Amino acid sequence: MSDKTRQFPLPLSSVTDKAQKKQQVFSPVATPQTATQNAARTAANSPWKPPTVVATPSRSHAYAMERSQPLPAAAPRQNPLVSDAVRRAMVQRVANQGVQDQVVLEALARVPRHAFMDEGLASQAYIDASLPIGHHQTISQPYIVARMIEVLRNGAALQRVLEIGTGCGYQAAVLACVAQEVYSIERIKPLHELAKANLRPMRVPNIRLHYGDGMLGLPQAAPFDGIILAAAGLEVPQALLEQLSIGGRLVAPVGGRTQHLELVTRVAKAEWVSQTLEDCHFVPLRSGTV
């Protein structure tokens, strides 16, 4: 591989709102929660708007755009910290950070991030930060989820995507909005079960969850036109590179203490081209299952 440096059907109102079980008590002290509250008040004036699709140039693109709307807008919520306005504010912040793919931004706006985390952290669900989900793992910050999917799409429809590191299932749900088929592998059994529990009420038809060693990929479902890793290794496993289709793209964090996003494109049967993107920070990529 050569190296070139620098180059988804129930309405959401049917989803149990875990955050409604507990009345929030607000404090005058500045916290991430108050910052999120303020964002909700100003989101109505947000310049970011969901895209209007006027025409689709191809059948595959039309299918992808249909898949980009599997999660209807959520019903109004009693808790302002998990409202639609707060979610729109989150999307605006992500757009302000440079994510331009409107299909990705729309997907981010449709997926209720708070439904994928513990009730005690729901009030912080829409800040742009990674948050713990147990077992020394995290749910990635919204920006990095959007950025990696934007790079993976590269403006084109995604057919079959493999995700390494399901975690709580949030990124898989976003991917399901922009791809025809999503396969996701998790090596930690309790997290695999958590993701299934989180996604079950949403009845996402195009996600297949697998418990196994992500470093081995999923050869029985290969090839994939997109592979995305939610954990960082010192290098991209060769097994994953081999499961890319010709022209397929893989996005992964790479490195130890210092990490960066890396884009790998398979250009021929035995040729891959890599491109270094921005710095990032992820949990380490590990082999085996637990």
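Visitor: Which helix holds both Arg87 and Asp84?

Guide: Helices here are DSSP runs of H or I with at least four residues, strands are runs of E with at least two, and both are numbered from the N terminus. Arg87 and Asp84 lie 3 residues apart, about one turn of the helix. The element that holds both, spanning residues 84-96, is helix H3.

Visitor: On what kind of model does this rest, and how are residues numbered?

Guide: This is a predicted model, in which local features need pLDDT of at least 70 and side-chain atom pairs count only at pLDDT 80 or more, while totals for chains, interfaces and linings use all residues. Side-chain values use heavy atoms, without hydrogens and water, and residues are numbered along each chain, as its sequence is written, from 1.

Visitor: How far apart are the closest N and O atoms of Arg87 and Asp84?

Guide: The two residues form a salt bridge, that is, a side-chain nitrogen of Lys or Arg within 4 Å of a carboxyl oxygen of Asp or Glu. For Arg87 and Asp84, the N to O separation is 3.1 Å.

Visitor: Is Glu106 buried or exposed?

Guide: Buried means under 20% relative accessible area, exposed over 50%, and partly exposed in between, with a 1.4 Å probe and protein chains only. Glu106 meets Arg110 in a salt bridge of 2.4 Å. Because its relative accessibility is 7%, Glu106 counts as buried.

Visitor: How many salt bridges does a search of the whole structure find?

Guide: One of them joins Arg266 and Glu242 at 3.7 Å. This pair links distant parts of the chain, strand S9 and helix H8. The search of the whole structure gives a count of 9.
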